[in-house]
Amino acid sequence: MARLSAFVCGLLFGLGLLLAGMADPAKVLAFLDLAGNWDPSLALVMVGWGIAGICPGPAVAILLTGHWQALLFAAAMLAGMLIFTALEGWRGR
């Protein structure tokens with residue numbers, strides 16, 4: 001059961017990174033290039049981490065502790081993913 005939980009957590013973490021664009025080297029480099037062609041879109045992800053004090057990977061692990069803050073963060077994170085997916089689908093039409 002522990003291996004299955006670790007696997008699911010890893011999948012969720014990877015999915016979060018992909019949806020946020022943090023797995024795209026060009027996007028990360030553009031975010032870090034303050035003097036050039038700066039892409040501020042990852043700032044929304046990082047500001048979210050700073051507000052809650054939790055990043056997505058540990059948030060999934062913290063869910064098992066039952067802290068309401070982690071539950072709220074995870075719910076907000078999933079809602080953000082769903083909204084992003086819906087907006088991207090709407091934008092693509």
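Modeller: Helices here are DSSP runs of H or I with at least four residues, strands are runs of E with at least two, and both are numbered from the N terminus. This is a predicted model, in which local features need pLDDT of at least 70, side-chain atom pairs count only at pLDDT 80 or more, and totals for chains, interfaces and linings use all residues. Residues are numbered from 1 along each chain as its sequence is written, and side-chain values use heavy atoms, with hydrogens and water left out.

Colleague: How does the span of helix α1 compare with what is expected at 1.5 Å a residue?

Modeller: The expected span of a helix is 1.5 Å times one less than its number of residues. Helix α1, residues 2–20, has 19 residues and reaches 27 Å from its first C-alpha to its last, close to the expected 27 Å. After α1 comes G21, with a positive phi near 85°. For α5, the 25 residues should span 36 Å, and the end C-alpha atoms are 36 Å apart, which agrees.

Colleague: Which residues make up the largest nonpolar core?

Modeller: In soluble globular proteins, nonpolar side chains tend to be buried together. A nonpolar core is a set of buried Ala, Val, Leu, Ile, Met, Phe, Trp, Tyr and Cys residues joined through side-chain atoms within 4.5 Å. Buried means under 20% relative accessible area, exposed over 50%, and partly exposed in between, with a 1.4 Å probe and protein chains only. Here the largest core has six residues: I54, A59, V60, F73, M77 and M81. The elements giving two or more residues to this core are α4 (56–62) and α5 (68–92). Helix α5 gives the most, with three residues.

Colleague: Which residues of α5 are buried, and what share of the chain is buried?

Modeller: In α5 the buried residues are A70, F73, A74, M77 and M81. Across the 93 residues of the chain, 16% are buried.

Colleague: How many aromatic pairs does the rule give?

Modeller: A pair of aromatic rings is described by the distance of the centres and the angle of the planes. Rings of Phe, Tyr and Trp (its six-membered ring) pair if their centres lie within 6.5 Å; planes under 30 degrees apart count as stacked, over 60 as edge-to-face and the rest as tilted. The count comes to one pair. The centres of the F31 and W38 rings are 6.4 Å apart and the planes are at 35°, so the pair is tilted. F31 counts as buried at 15% relative accessibility, whereas W38, at 40%, counts as partly exposed.

Colleague: Where are the salt bridges, and how many are there?

Modeller: Side chains of opposite charge can pair when their charged atoms come close. A salt bridge is a side-chain nitrogen of Lys or Arg within 4 Å of a carboxyl oxygen of Asp or Glu. There are two by this rule. In one, D39 pairs with K27, with the closest N and O atoms 3.6 Å apart. D39 sits in the loop between α2 (25–32) and α3 (41–52), and K27 in helix α2, 12 residues apart. Both are partly exposed, D39 at 23% and K27 at 24%. E88 and R91 also meet in a salt bridge, at 3.4 Å from N to O. E88 and R91 lie three residues apart in helix α5, about one turn of the helix. E88 is partly exposed at 33%, and R91 is exposed at 62%.
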